[in-house]
Amino acid sequence: MYCIRSRRIFFFFFLLTLSLSVRSQHQLDSIQYLDEVIITAKSYKEVIPAQKLTGEELRQLNSFSVADAIRYFSGIQIKDYGGIGGLKTVNIRSLGTHHVGVFYDGIQLGNAQNGQIDLGKFSLDNMEEISVYNGQKSDIFQPAKDFGSSGSVYLRSRTPAFNDGKDFNLKTTIKTGSFDLINPSLLYEHKLNDKISTSFNVELINSSGKYKYRYKRVYPNSDQVMYDTTAVRQNGDVYSSRLEGGLYGITSDGYWRFKTYFYDSNKGIPGAIVNNVWKNSQRQRDRNFFAQGSFQQSISPKYEVRGNVKYAYDYMNYVNPDTTLMLIDNTFKQQELYISIANKYAITNNWDIALSADMQYNTLRSDLDGFVFPKRLTTLIALASALEIGKIKMQGSLLTTLVRERINSGNAAQTGSVKSAPGKKEFTPAFFISYKPFSVQDLNIRAFYKNIFRMPTFNDLYYTDIGNIALKPEFTHQYNLGIQYGRQLQNLFIDQLQVQADAYYNKVTNKIVAVPKGSGQYRWMMMNLGEVEIRGVDVSTTTAHQLPFDLLLNIRLSYTYQKAQDFTKRSSEELQKITYGGQIPYIPWHSGSVIANLSYKLWHLNYSFIYVGERYHNSANIKANYEQPWYTHDMSLIRNFKVQNIDMRLAAEVNNLLSQDYEVVLNYPMPKRNYKISLTVEL
């Protein structure tokens, strides 16, 4: 049944691609072209620049999802539970997943239930740019939510752009490869008139998720082999669909846009390999929907206003049919309503001030026994200012966060013990500064300080038998000092050079740790770890090389060193001895990546390398908790060509070229060498 469904999907999109190609070629001959509309905006140079992957860089990576692409940034750690449908979360500078704000087209993605955004759900098929900011985006004209994270990931989808008098764009892609993968997608963009355009994007993923892996374990505190075998990963199948629609408009002094997003998936949870259990039977069904709108308008030469509104609905059903463990069939439904207004006023040509106010309302319901139904109203007010004095640029902000909690008794007994968590009121500042010492040299020295906190999630506070309404928020203090240097060179080997380097110190207090309980990926036992200190260095470089014979070589390097120590004082003297000052779980001391692209006319050869050094899966840095370093080599070959004036792109990829056996998370083996081939047609 699985193979039949895969073939049907593949052949349907293959025929659709061919028919659209022929049909659209006839339509091109009869189009009456409209005048092209060009939008210009005032350029703005950020005080603290972002790490970015844009356009062609993203398309040339051997990356299946946003999570795969973001691994190449310095200071980033990805937790990957393996396979196409496995959970993938991001961590910036060891501060934790919950301190990372993920924004999609300018509005934050939320998950009040557990605070985790699964980046594996977001495809690169229509992604135009991925940006990572430490601290926050150094732009004061933004919603108050944008000030509320220790680090931010911004995902910007493709905005319709029409060239050569065209009034539509069409792109179809078919991917297939290892794990019985069938992955078709379709993108259609249409210009309704000179000021309004629309887009529609659909993508399907169907995969058995089966791959071979080596599983080797030794007895604790010895080198005697316990297991050493090759097996096939089971229950990792996934079938998902993603639909997005957008409406885009421009005005005389601004723009507006409206977007809808729907994601539906049905997947197996392969689970951890423990206690000689090689196959799990848990299933998870997700449905995520949101509709969001935004606008920006210049009211006068000095005053601008920006507004955002969003409604989101998330559904999750988790089933464990294995009665030998525990029969589980639970459904969780959460809703979010968000509204924001931001104002910016130019006091002088070099001095701006901004005021933003956001309100967000979250609810969560479940059929879990004993579960209360929490509600949370969050109000955020941000006052920010940006000042430029000669060679110095400064930005400062103060964020006020007000949180009010309420609950319904839900499935719990109506007793006096059913209470909501106390409300919160916090004031958190941030300050950014950069200095350019030379007028003719592109050298910038920058620094920032930021204090912020994150609220415990609904699961942290209210999950049956696990939640704790007395759980404290988690605070961070961030200090950063760095430089950026760029130069155009006129020699035989390097034409362009960009270098960024940052040293940082982060302190986290009342750190909340999510410890998996059972074999599911969404149930956690919560505790305050206490105090963590993180010292690190991030370095990244990009170079462009014009080689003989029309060869162009681009190289991007990144390196991260982190010493992330647990300084929690524990009651047990023995536990205190082995954990105090230990590296926190899954944070390597050394990590880095290389991306290289060699281009010759219509050919592109891409190589990428990722290295993650030795780690421990527990703050007790002892031999039994040691995790070996791992690295992967990926390569792809791309050929662009035309068939009857239709742009086509054929790509062949090989991932984990040396077929290394490795685990990002303990007992979740990753795939060995695997392949992918794709065909893209654009009109």
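A: What follows goes from the chain as a whole to its cavities.

This is a predicted model, where local features need pLDDT of at least 70, side-chain atom pairs count only at pLDDT 80 or more, and totals for chains, interfaces and linings use all residues. Residues are numbered from 1 along each chain as its sequence is written, and side-chain values use heavy atoms, with hydrogens and water left out.

First, the chain. Of its 683 residues, 53% count as buried (under 20% relative accessible area, with a 1.4 Å probe and protein chains only). The chain has 5 helices and 36 strands; these are DSSP runs, H or I of at least four residues for helices and E of at least two for strands, numbered from the N terminus. Take the contacts between residues at least 6 apart in sequence: 64% of them join residues at least 24 apart. A contact means heavy atoms within 4.5 Å.

Next, confidence. The average pLDDT is 86, and 90% of the residues score at least 70. pLDDT is the predictor's confidence in each residue, from 0 to 100. It stays under 50 over residues 1–44 and over residues 515–522. Where pLDDT is low, the predicted coordinates should not be read in detail.

Now the cavities. A cavity is a set of points on a 1 Å grid over the protein atoms alone, where a 1.4 Å probe fits but cannot get out. Points are joined across faces, edges and corners, and a volume is the space filled by probe spheres set on the points. The count is 13 cavities of 30 Å³ or more.

The largest cavity holds about 650 Å³. Its lining has 32 residues, each with an atom within 4 Å of a point. Nearest its centre lie His98, Gln108, Lys145, Arg454 and Met455. Five strands each supply at least two lining residues: β4 (100–104), β18 (351–366), β19 (373–389), β20 (392–408) and β22 (442–454). By class, the lining has 12 nonpolar, 16 polar and 4 charged residues. Here Ala, Val, Leu, Ile, Met, Phe, Trp, Tyr, Cys and Pro count as nonpolar, Asp, Glu, Lys and Arg as charged, and the others, Gly among them, as polar.

For comparison, the second largest cavity has about 540 Å³. It is lined by 32 residues, with Asn111, Gln116, Asp118, Lys121 and Asn288 closest to its centre. β14 (254–268), β15 (283–298), β16 (303–320) and β17 (328–348) give two or more residues each to this second lining.

Note on methods:
1 Å grid on protein atoms, 1.4 Å probe; cavity = no way out; pocket = protein on both sides within 12 Å on 5 of 7 lines; lining within 4 Å. Buried < 20%, exposed > 50% of the residue type's maximum accessible area, 1.4 Å probe, protein only.
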